[in-house]
There are 2 protein chains.
Amino acid sequence: MNYPSKLIAEAVAEFKRLPGIGEKTALRLVLHLLKQDEAKVARFSQAVEEMRNNIQTCRSCHNYSDEELCSVCSNPNRDVAVVCVVENIRDVIAIENTGTFRGLYHVLGGIISPVNGVGPDDLQIDSLVERIAKEGVEEVIMAISPTMEGDTTIYYISKVLQAHKVKLTTIARGISFGGELEYTDELTLARSLASRMPYENYLVK
Amino acid sequence: MNYPSKLIAEAVAEFKRLPGIGEKTALRLVLHLLKQDEAKVARFSQAVEEMRNNIQTCRSCHNYSDEELCSVCSNPNRDVAVVCVVENIRDVIAIENTGTFRGLYHVLGGIISPVNGVGPDDLQIDSLVERIAKEGVEEVIMAISPTMEGDTTIYYISKVLQAHKVKLTTIARGISFGGELEYTDELTLARSLASRMPYENYLVK
């Protein structure tokens, strides 16, 4: 597309680089920003730049953080004996928003995926083993998506952790709350039949 | 949602202010930016801020512009005798991208809309009349969306221009190319029947 202004063309080009933003959406966002006060737009662009320049990764769990230790790791009320292993920060946010988990996290930074060229050495697995050895971790919960690659990652970590005295669990797989049986895929249905649970557990929230 | 980092929370809040961007999308964009080089993110935020700080409106047509006169108005190859009146810059871009219009534009900055509190005085109508008086304009094309408010705006401008010797036209209304007759609304169909044209004109591109 041709734009009457080079400034607009450049801003549109920058927005277009973001995932899921096409040219028309980029233009809509740019024209919206043009209608705002200069101070508001400055706040927008500064928030983005400051975030990128000042963000750190927590030296313990590799979550994004403002400090050397993230807010979860530095919280004295969290249970250090339980570590929940996740793929990325999005999963941390999702679990934190359930408001039910009181342990710590360990962010792998991805999952093992030969297709995408991601091997165990690209992930934070060594630092997980180190934490388990040092910090008195009793249970490691694998909260990894139940895909082929996720299952491979869980299997790999389970092998690595065999040498350590630690309980390894995975989050439950089954039919979602509100999910309909007849539309559930066979694998999920078969697995949730095989790992059926006593009705008393079902009632516990 | 809770975020492990205040920096992330602030950037998400800023993205969320943009139209059509919800919290999940904002987070996706922010996490994407966190994975980019600092230089790339700086380029993004600078493009946005520079655009907002340096943009001008063309003193002739009120289009957004990098200079005092926009690239269309300052182009000596454009036909100054034809002025196309549009609602906003988006329409300028759309018409420019057809590559078929060689005249100039006049951006009203909106359309008359009592519901939204927009009256004729809020639009660039006086400056249009001034241009017509001064610049030897022969034809004014109203390229305004055929809505109630658009039609009101066209009617108002037609009254204002009655005192001036200028040909007033509107863009053709009818069925879109590729549009299906049976799904066209009655008003459009009735209008396009009433303003039917000789077959020779239909063949001209």
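Which residue of S5(A) does Val82(A) stand opposite? Val82(A) faces Glu139(A) in that strand. I will come back to the sheet they belong to.

A few ground rules before that. This is a predicted model, in which local features need pLDDT of at least 70, side-chain atom pairs count only at pLDDT 80 or more, and totals for chains, interfaces and linings use all residues. Residues are numbered from 1 along each chain as its sequence is written, while chains are lettered from A and ligands numbered from 1 in the order in which they are written.

Let me begin with the sheet of chain A. Four strands make an open sheet in the order S4-S3-S5-S6, with parallel pairing. Strands here are DSSP runs of E with at least two residues, helices are runs of H or I with at least four, and both are numbered from the N terminus. Two strands pair if DSSP finds at least two bridges between them. At the edges of the sheet are S4 (103–107) and S6 (167–170) of chain A, each pairing on one side only. From one strand to the next, the twist averages 25 degrees. Strand S3 (residues 79–86) of chain A is joined to S5(A) by four bridges, in the parallel sense, and Val82(A) opposite Glu139(A) belongs to this part of the picture. Helix H5 (residues 126–135) of chain A packs on the sheet and touches S3, S4 and S5 of chain A, its direction making about 170 degrees with that of S3(A). Axes are lines fitted to C-alpha atoms, for helices over the stretch in contact, and angles run from 0 to 180 degrees between N-to-C directions. Contact between two residues requires their C-beta atoms, placed from the backbone, to lie within 7 Å.

Next, chain B. Its open sheet has four strands in the order S4-S3-S5-S6, with parallel pairing. S4 (103–107) and S6 (167–170) of chain B stand at the edges with a single partner strand each, so one side of each has no neighbour in the sheet. Between S3 (residues 79–86) of chain B and S4(B) there are five bridges, and the two strands run parallel. Two facing pairs can be picked out: Cys84(B) stands opposite Tyr105(B), and Val85(B) stands opposite His106(B). As for S4(B), four of its five residues are buried. A residue is buried if 20 or more other C-beta atoms lie within 10 Å of its own, exposed if 12 or fewer, and partly exposed in between, with C-beta atoms placed from the backbone.

Now the two chains together. Chain A can be laid on chain B with an RMSD of 0.1 Å by a turn of 180 degrees and a shift of 0.0 Å along the axis. The copies are therefore related as by a two-fold rotation axis. The superposition is by least squares on the C-alpha atoms of residues with pLDDT of at least 70 in both copies. Which residue of chain A comes closest to the rotation axis? That is Ser45(A), with its C-alpha at 2.2 Å.

The contact between the chains takes 47 residues from chain A and 47 residues from chain B. On the side of chain A, H3(A) gives the largest share, 14 residues. By class, that side has 25 nonpolar, ten polar and twelve charged residues. Ala, Val, Leu, Ile, Met, Phe, Trp, Tyr, Cys and Pro count as nonpolar, Asp, Glu, Lys and Arg as charged, and the others, Gly among them, as polar. The copies meet through the same surface, because 100% of the interface residues of chain A are also interface residues in chain B.

His62(A) is in the loop between S1 (56–57) and S2 of chain A. His62(A) has a positive phi of about 70 degrees although it is not a glycine. Most residues other than glycine have a negative phi. Is His62(A) buried or exposed? His62(A) is buried, because 21 other C-beta atoms lie within 10 Å.

Ser145(A) sits in the loop between S5 (139–142) and H6 (148–161) of chain A. With 13 other C-beta atoms within 10 Å, Ser145(A) is partly exposed. Leaving aside neighbours within four places in sequence, Ser145(A) is in contact with Glu87(A) and Gly150(A).
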